[in-house]
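Please read it with the structure open.

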Amino acid sequence: MTITVDQRDSVAVVTLNRPETKNAITQEMRRQLWEAFEAIALDPAIRAVVLTGAGGEFCSGMDVGNMGQGGINGSLERMHTLHRIARAIYHLKKPTIAAVPGICVGVGWAYALCCDIVLVSERAKFAQIFRNIGLTPDGGSAWLLRQQVGAMRAKEIAYSGRMIRADEAVSLGLALEKVDGEHLMDRALELANSFAAGPTVALGLAKRQFDLAASSSFDQFLDMEFTMQPIASRTDDHHEGLAAFREKRPPQFTGA
């Protein structure tokens, strides 16, 4: 399998698994990756996700051997599947962490940016390499970058195609932390397990709040918040949280 899913308690580790190509994404990988995230979305036993790559790299983008085939219809089909994956990752109602050990470029970077948290090793390198082959950013890259660093810096990154290394990624807010490579997955799993132990429905609603905040006025945001809190208040986890507070003990959330 070129996409593997390893469930560790309540955390799913999704791995891009073509190390011989630095995990360049093929048509079959696109299908498997979308199916993996669709299955995760429907599985209540999975409450957080780590997305990473095999062989010490994250993803070298699309496999160029698959590009340029099928004319305009082939290009449209590829864009459709790329976008389907981006939506599945971005809109997943569970916390997601990208653990980036090395190269992370092109659509691979888009998929990392679709995650809630990005952790990097000292070897991590990012680039919008589309300009090098005469293409526009895809996978939502331009939108995601603009959300993270603002329009001017996002344009500079896309127009230049330059490499951004781990320290700069952290300083720009494109990654949360730089972690020693040997401990990258340990740190990713530590964070993922802490999120998975939380109130899953409430965290999913909070994620939606952050997604909508950038495109809403303050009053629109408050109206949306007005509908979400009553939903969270009906969950078993809310009642468990209240009981734990009264009994002065740690809550035992179940994700329900």
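This is a predicted model: local features need pLDDT of at least 70, side-chain atom pairs count only at pLDDT 80 or more; totals for chains, interfaces and linings use all residues.

The points below go from the whole chain to single residues.

1. Overall fold. The chain carries 10 helices and 9 strands. Its radius of gyration is 19 Å, close to the 18 Å that the globule rule gives for 256 residues, so the chain is as compact as a globular protein of that length. Along the principal axes, the C-alpha atoms fill a box of roughly 60 × 40 × 35 Å.

2. Burial and contacts. Of the 256 residues in the chain, 45% are buried. Now take the contacts between residues at least 6 apart in sequence. Among these, 66% join residues at least 24 apart.

3. Surface and charge. The chain exposes about 13,100 Å². Carbon and sulfur atoms supply 57% of that area. There are 27 positive and 29 negative side chains. The centres of the two sets lie 5 Å apart.

4. Domains. The chain is divided in two: domain 1 covers 3-197 and domain 2 covers 200-247. Their centres, taken over C-alpha atoms, are separated by 27 Å. The contact between them takes 12 residues from domain 1 and 7 residues from domain 2.

5. Threonine 15. This residue sits in strand S2, residues 11-16. Is threonine 15 buried or exposed? Its relative accessible area is 14%, so threonine 15 is buried, the cut-off being under 20%. Which residues does threonine 15 contact, leaving aside neighbours within four places in sequence? One set is Thr2, Ile3 and Thr4; the other is Thr52, Gly53 and Ala54.

6. Glutamate 240. Look for this one in helix H10, residues 236-247. With a relative accessible area of 18%, glutamate 240 is also under the 20% cut-off, and so it counts as buried. Not counting residues up to four places away in sequence, glutamate 240 touches Arg249, Pro250, Pro251, Gln252 and Phe253. Proline 199 is 41 residues from glutamate 240 in sequence, and the two C-alpha atoms are 9.5 Å apart.

7. Methionine 79. Helix H2, residues 71-90, holds this residue. Methionine 79 is partly exposed, at a relative accessible area of 27%. Between methionine 79 and phenylalanine 210 there are 26 Å, C-alpha to C-alpha, and the pair is 131 residues apart in sequence.

8. Lysine 22. Check the backbone here. Lysine 22 is not a glycine, yet its phi is positive, at about 55°. Where does lysine 22 lie? It lies in the loop between S2 and helix H1 (27-42). Lysine 22 is partly exposed, with a relative accessible area of 44%.

9. Lysine 248. Here too the backbone deserves a look. Phi of lysine 248 is near 55°, a positive value in a residue other than glycine. Lysine 248 belongs to the segment after H10. Its relative accessibility is 76%, over the 50% cut-off, so lysine 248 counts as exposed.

Key:
Residues are numbered from 1 along each chain as its sequence is written. Side-chain values use heavy atoms; hydrogens and water are left out. Helices (H or I, at least four residues) and strands (E, at least two) are DSSP runs, numbered from the N terminus. The radius of gyration is taken over C-alpha atoms; the globule rule is 2.2 Å times the number of residues to the power 0.38. Buried means under 20% relative accessible area, exposed over 50%, partly exposed in between (1.4 Å probe, protein chains only). Contact means heavy atoms within 4.5 Å. Accessible areas come from the Shrake-Rupley method with a 1.4 Å probe; for residues, only the protein chains shown count as cover. Lys and Arg count as positive and Asp and Glu as negative; His and the chain ends are not counted. The place of a charge is taken as NZ of Lys, CZ of Arg, CG of Asp or CD of Glu. Domain bounds come from an automatic or database domain assignment.
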